[in-house]
There are 2 protein chains.
Amino acid sequence: MRLRSPSMSELHAFATAARLGSFTRAAEELCVTQGAISRAIARLEAHFGQPLVQRNAHRLVLTAAGRGFLEAVAGPLAAIESASAALLAGDRQHHLTLSALPTLASVWLVPRLPDFHRRHPDIRLDFVPYRRDEDFSGPAPDAALLAGTAASWPNLQVDYVIGSEMVPVCHPERARLRHQAGQWQTPADLLQEPLLFHTGAPANWQHWFHAAGVPNAAPTLATGFDQVSILVQAVKADIGIAVLQRCLVRDEIAAGRVVAPFDLPIRLTRGYFLCAPRERRDHPALNRFRQWLLETAAQDPDVARIRDNDSRDR
Amino acid sequence: MRLRSPSMSELHAFATAARLGSFTRAAEELCVTQGAISRAIARLEAHFGQPLVQRNAHRLVLTAAGRGFLEAVAGPLAAIESASAALLAGDRQHHLTLSALPTLASVWLVPRLPDFHRRHPDIRLDFVPYRRDEDFSGPAPDAALLAGTAASWPNLQVDYVIGSEMVPVCHPERARLRHQAGQWQTPADLLQEPLLFHTGAPANWQHWFHAAGVPNAAPTLATGFDQVSILVQAVKADIGIAVLQRCLVRDEIAAGRVVAPFDLPIRLTRGYFLCAPRERRDHPALNRFRQWLLETAAQDPDVARIRDNDSRDR
DNA sequence: CGCTTCCATTACCAAAGTTCATTCTCGCGG
DNA sequence: CCGCGAGAATGAACTTTGGTAATGGAAGCG
């Protein structure tokens, strides 16, 4: 296009690498691979026909030309970036309003949000209170993270995210005693324990026993709680044992605060789904959020694609 | 790459279109098609999720957002452009040193150079005096525009440019009188006139008569001159008639200052060639100049590819 | 002195950007 | 009021660019 300027990404690669003194760290900051930075700066040098960076192992030094260019360019580059950020901020298309089940939000989603913001700094997320049976009739939210099965929301576009894997958890001391006494040989032995349950999903124990090979179990439920976080507290207080989505107790298990006896890979068709009205199908921020969400969930070992056509209407 | 900024070309398209008030004129200035500008600005608007330009037929008006963005961005953009230009200027790879036959240079090449500079503002051309049999042993020039045949410089990379088409020219009055008197019926009749010739190519008349179907003509040459421009002056003074490369006298003929009797499409293997030492094969500025030169020459009606393999060693 | 850390390089792939050719739209003059 | 013409949009193909993944090589570090 008859421009003397190099491309925007080359400039940013150069400026960032110069600032951080490392291609690798620049790559991290810009969310690309190290090779991309290497190539971008190589392109830049080819464009100008002269080296801009001297690659001393373990330290980058700019050449005189590179220093001068950086100095001339860094300010304007930042100015363009901030003007662009300002324009983007004023755009409703870059806002995304979500609602999410409180436990999933606090235990799984929120800890991962910094990564989302790092990758998509131009998208602003707003959370609105969770409403059971969100009908999307009002203006907000654009999408919701809800629990159910793929067929629970026939009128919405749904994508399975995480949460199909269930695991029973109990107090470490209880597990120690029972194993010592040889009382926990098979999953069916758990029927003898006080079974704590979520009042929103009382069938979970039954599903779990079924999948664990105890088909006709009629578990006697002990106490119900209406929030997962309370259920976890009850387990920690050793009131009984509970069966929970693995993704919600992964850290508790890892820290040894609760243990998972009979740690079988048991998957239900129930799980957490991202649900959005079909009209919002091409909301750009929602699509980027969805992609990030699914990729992030896929990195989590708890992952089970329930059906191949989870994500419909694309 | 996780940038909020749009691409460089989009920004330039926007800034230029805004400045000129027209996509079409911006396209001309940036040497791209109108469609490219239209799409670039559409991309920009999609990127920011809001219109920046209001397309009133026959006049562009920026939206408020567009005005603000332009204001914020125009300065930084120019700063980057000029810093880039400065870096490019210091690069020997973007200098090109040429020598050219004086007549070709002044009559054909120089009038077209503004177009070259417009398309390649980052390339600096330097002309050095023409030396017969340039040997490229010194540092300059990088390439030369010389007259000869494709086989004249076996050790150089040569590309035919223009000048293979020869045309006889004479004073308008002479043509009028001769035609009136019915003395110019066939090309052979020109043998009766005083034949002016270039001392560097005395065989041109013979070649022309041969190609015009007068195979065994033994033209008697009248007066020789060592520069084409002088030859033209001699024709205008009606000292005689001359046979010249059409590209060199196109304007004189168009202006009626000389006329071309027997305007046959006669092509010789002789012509003007761009010659460069093979070592300079990947000199980027030279390659861009060569491409422009050949494209420009191809637009000229006087064009004859002498051989398909004109351009060797690519 | 191997080991790690960082950059270069290779092969490959997807997406961005351009072009050409055509279509659409609007304001203007007949 | 209609048709015309300038200028922008659009569709389809193509080229180039920018990116990934994986591998290789050299320089410091322990």
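In this predicted model, strands β5 and β12 of chain A pair in the antiparallel sense over five bridges. Strands pair if DSSP finds at least two bridges between them. Helices (H or I, at least four residues) and strands (E, at least two) are DSSP runs, numbered from the N terminus.

Residues are numbered from 1 along each chain as its sequence is written, and chains are lettered from A and ligands numbered from 1 in the order in which they are written. Because the model is predicted, local features need pLDDT of at least 70 and side-chain atom pairs count only at pLDDT 80 or more, while totals for chains, interfaces and linings use all residues.

**The sheet that holds β5 and β12**

β5(A) and β12(A) belong to an open sheet of five strands with mixed pairing, in the order β4-β3-β5-β12-β6 (chain A). The edges are β4 (124–127) and β6 (156–162) of chain A; each has a single partner strand, so one side of each is left without a neighbour in the sheet. On average, and with direction ignored, neighbouring strands of this sheet are turned by 30° against each other. Six bridges join β6(A) to strand β12 (residues 271–277) of chain A in the antiparallel sense, and the partner of Gln157(A) in β12(A) is Ala276(A). Helix α5 (residues 102–119) of chain A packs on this sheet, touching β3 (95–100), β5 (143–148), β6 and β12 of chain A. The direction of α5(A) makes about 125° with that of β3(A). Axes are lines fitted to C-alpha atoms, for helices over the stretch in contact, and angles run from 0 to 180 degrees between N-to-C directions. β3(A) and β5(A) pair in the parallel sense over three bridges, with Ser99(A) opposite Ala144(A) of β5(A).

**The other sheet**

Another open sheet of five strands has the order β9-β8-β10-β7-β11 (chain A), also with mixed pairing. Its edges are β9 (221–225) and β11 (266–267) of chain A, each with a single partner strand, so one side of each is left without a neighbour in the sheet. Strand β8 (residues 195–198) of chain A runs parallel to β9(A), joined by three bridges, and His198(A) stands opposite Phe225(A) in β9(A). Helix α7 (residues 204–211) of chain A lies across β7 (165–169), β8, β9, β10 (241–245) and β11 of chain A, at about 120° to β8(A). Helix α9 (residues 246–254) of chain A packs on the sheet as well, touching β7 and β10 of chain A, and its direction makes about 40° with that of β7(A).

**Chain A as a whole**

Chain A has ten helices and twelve strands. Its radius of gyration is 26 Å, well over the 20 Å that the globule rule gives for 314 residues, so chain A is more spread out than a compact globule. This radius is taken over C-alpha atoms, and the rule is 2.2 Å times the number of residues to the power 0.38. The C-alpha trace of chain A spans about 75 × 50 × 30 Å along its principal axes. Of the 314 residues, 35% count as buried, that is, with 20 or more other C-beta atoms, placed from the backbone, within 10 Å of their own.

In the interface, 36 residues of chain A are in contact with 36 residues of chain B; contact requires C-beta atoms, placed from the backbone, within 7 Å. The elements giving two or more residues to this side of chain A are α1 (8–20) and α4 (64–89) of chain A, and α4(A) provides the largest share, 14 residues. By class, the side of chain A that touches chain B has 21 nonpolar, nine polar and six charged residues. Ala, Val, Leu, Ile, Met, Phe, Trp, Tyr, Cys and Pro count as nonpolar, Asp, Glu, Lys and Arg as charged, and the others, Gly among them, as polar.

A residue is near a strand if its C-beta atom, placed from the backbone, lies within 6 Å of it.

| DNA strand | Residues around it | Closest residues |
|---|---|---|
| DNA strand C | 23 residues | Phe23(A), Gly35(A), Ser38(A), Ser7(B), Ala36(B) |
| DNA strand D | 23 residues | Ser7(A), Ala36(A), Ala57(A), Gly35(B), Ser38(B) |

α3(B) gives the most to the surface near DNA strand C, with five residues, and α3(A) gives the most to the surface near DNA strand D, with five residues. The surface near DNA strand C has seven nonpolar, twelve polar and four charged residues.

Note on methods:
Two residues are in contact if their C-beta atoms, placed from the backbone, lie within 7 Å. A residue is buried if 20 or more other C-beta atoms lie within 10 Å of its own, exposed if 12 or fewer, and partly exposed in between; C-beta atoms are placed from the backbone.
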